[in-house]
Amino acid sequence: MNMNNKLWWGSLLKEKGWEGLNNAAINSFNSNVINSFVREIIQNSNDARRKDSTTGIKLPLKVSIAYRTVLKEDLIYLDQFVNIFEKMSQSNSNKQHKQFFNNGFEAIRGNDKIKMFVYEDYNTTGLSGSDNDPECSFNSCILSEGTSVKGDNNAGGSYGIGKNSIYGFSKVRTVFYSSLNGEGEYIFQGLGKLASYTIGEATYDSRVYFGKGDKLNSIRDINEMPESLRKIFNRSQIGLSQFALCPIENENWIEEFIKAILRNYWPLLHTNELIVELKIEDNIVDVVSSQNLNQLMLKYFSPTNYEQGNTSQEGNPYDFYSSFLDNNPKTQEVRILGETKFYFKELDHKNTNKIAYIRNGMVIQTKAAWGFSSIGYCGVFMCETVEGNSFLRMMEPHTHDRFDPARIIDKTDKYSAKDGEKVLKDIDVIIRVCLSDILNKYRKKAEDIPWLNNLIKSLKGFKEKGSGKRAGSVSEDETLERITSDRKFELKFNSIESNQVITSSNGEIIEKGKVPGIVVPDEEHFRIPLKPGPRLKKTTKQKFTARIFRAKADNNDSAEYKIILKSDKDIIDTSLKLFQIGDSGNSACFEVLEIKDQDGTFMKFKENYNKQGELTYYQISGINMPTILNLKIREPYKSSFKVQEF
């Protein structure tokens, strides 16, 4: 037989070194195999979508996911693979992975039938190019590592690692590829990503191929394959099929796949750009599409019984989806990104409290908006331009689950990490401004209760002047908070002693009387000594007043305030807390940029955080009173402040 026409399983000789089973590219997706697979493989298929020849619009992506059973005798040449797997398990360097090989042997030797996990995409380009062309999609997808060939700058993937996620489905880490492209070219290749092994004195590579000839090249003519293989691996429509040999099985696999598809790709489903069929053998058991998207969302992610599950993406997908459907978005231009949209809504629970960031139809990450834990909310942020999404893509790691500006420098010299930081900060401002509309509803001042105000004022010895009533309210034109009055009082009630109102500054009794309904003996017969001095708890608070005025605002969320601090006596080197009114010390939604005193000297300040990592207030140090502080802040909405002695 001509060696060039021979079909067989084998590996190329390895000149130096050894490769073990610890493949980082595969293991990085093993924490949640189904969710990782759905994110990565559907993203790759989405990147490979064909365009309509007339309109130039991308065709909807169709995907089929199935578990199939094949006869072992139909997988001709499989015995060759089993022999290599045996040699591999016996190599000393691989014996530490005994359990892996035991699981593989059990799956592949167990009976006369073998399971396969099958993923097929349609309306995609399929693979193209020769075995020796590193710039082609076939070489990049199957033969190479760490490379990615994309025809679109807005593609989802860029690292060439996501293609390995299907290997985590196979107990023997082996996959068959069958492709048909638009030029009518058929390509077939089998590949196991395993470990080095020895036969005699020779060491062989960790990659085990099923191919043609002495170089184990891909098969380009389906008629060169035995009929039994043609029936299993035939591809009649343009696109790519991937078959994971001896797959990991999960009795709830249909539900888990549907949940992962909804969680990661509801935007693509909503726009009718993705349809997924789930099959057992060749029978369709469920479909996920725009037609039943809302129904499936409620079935699997109903807010009343939502559970987070084993995924790094936090928040309920139904909340994000309903926010996207129910609201008119905040549309705003962002430098580099262009037009962006932010959908948001208030929730009657705090189970989500996250923002979903969408790119290219996929949920990249879900992230909390810092400082809004006191309300229930969710939101969806997306960029509307190809250029903007391409920029965001450059900040994503290989797992495509966050944005990291430092990664930009590895992708382009047009932008820097600072450009990425600025873009993310601008996005954050948009989100905070919108969520503040919700939060501000709960920041209204409590209404005064006139009779209670008058009672407290009368106890303090204050009297109303004129015929009008004291409103006790703050002017709308300024923000004023009095930290202490000129005299502090301690109210003391006792069933034996006469009631007393005593100043805490010098112990002088300014009012006394008897408790109603209690008989107190006459002082000539029973005298109760008054000891105001040592027995009273004296205040350590300084006596000063504070007025805060908004002095200036500009168009980039920056504002300037003046804090006028007055005191009866000079106060040296004290500290103050700066709060936002309405936060009750929970969180602050502003950023202090600088503080100067009336002489132009920069003041020291630092942030204080609670246990949840939220900013609660700023501490300003080294203050000498009386003085005027000039405060410059960044605030996404108009704020009201108060100061308090530290």
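Which residues are linked with Glu120 in a network of salt bridges? The tour reaches them after a look at the whole chain.

**Before you start**

This is a predicted model, in which local features need pLDDT of at least 70 and side-chain atom pairs count only at pLDDT 80 or more, while totals for chains, interfaces and linings use all residues. Residues are numbered from 1 along each chain as its sequence is written, and side-chain values use heavy atoms, with hydrogens and water left out.

**The whole chain**

Show the protein chain, which has 13 helices and 28 strands; these are DSSP runs numbered from the N terminus, helices being H or I of at least four residues and strands E of at least two. Of its 646 residues, 48% are buried, where buried means under 20% relative accessible area, exposed over 50% and partly exposed in between, with a 1.4 Å probe and protein chains only.

**The nine-stranded sheet**

Select next the open sheet of nine strands, whose order is S1-S8-S5-S4-S9-S3-S2-S10-S11 and whose pairing is mixed; two strands pair if DSSP finds at least two bridges between them. Strand S1 (7–10) and strand S11 (283–288) stand at the edges with a single partner strand each, so one side of each has no neighbour in the sheet. From one strand to the next the twist averages 20°, with axes fitted as lines to C-alpha atoms, for helices over the stretch in contact, and angles running from 0 to 180 degrees between N-to-C directions.

Within this sheet, pick out strand S2 (residues 61–71) and strand S3 (residues 113–122), which pair in the antiparallel sense over ten bridges. Val63 has Asp121 in S3 as its bridge partner.

H7 is mostly covered, with 13 of its 18 residues buried. Follow H7 to Asn264, where a kink of about 75° lies shortly before the proline Pro267; the bend at a residue is the angle between axes fitted to the seven residues ending there and the seven starting there.

**The salt-bridge network**

Now show the side chains of Arg68, Glu120 and Asp282, which are linked in a network of salt bridges, each such bridge being a side-chain nitrogen of Lys or Arg within 4 Å of a carboxyl oxygen of Asp or Glu. The closest N and O atoms of Glu120 and Arg68 are 3.1 Å apart. Glu120 lies in strand S3 and Arg68 in strand S2, so this pair ties together parts that are 52 residues apart in sequence. Glu120 counts as buried at 7% relative accessibility, and Arg68 is also buried, at 16%.

**A salt bridge elsewhere**

Move to Glu346 and Lys441, which form a salt bridge with their closest N and O atoms 2.8 Å apart. Glu346 is partly exposed with a relative accessible area of 30%, and Lys441 is partly exposed with 47%.

**The four-stranded sheet**

Finish at the open sheet of four strands, ordered S25-S26-S23-S28 with antiparallel pairing. Its edge strands are strand S25 (604–609) and strand S28 (641–645), each pairing on one side only. Strand S23 (residues 571–580) is joined to S28 by five bridges, and Phe579 stands opposite Lys642 in S28.
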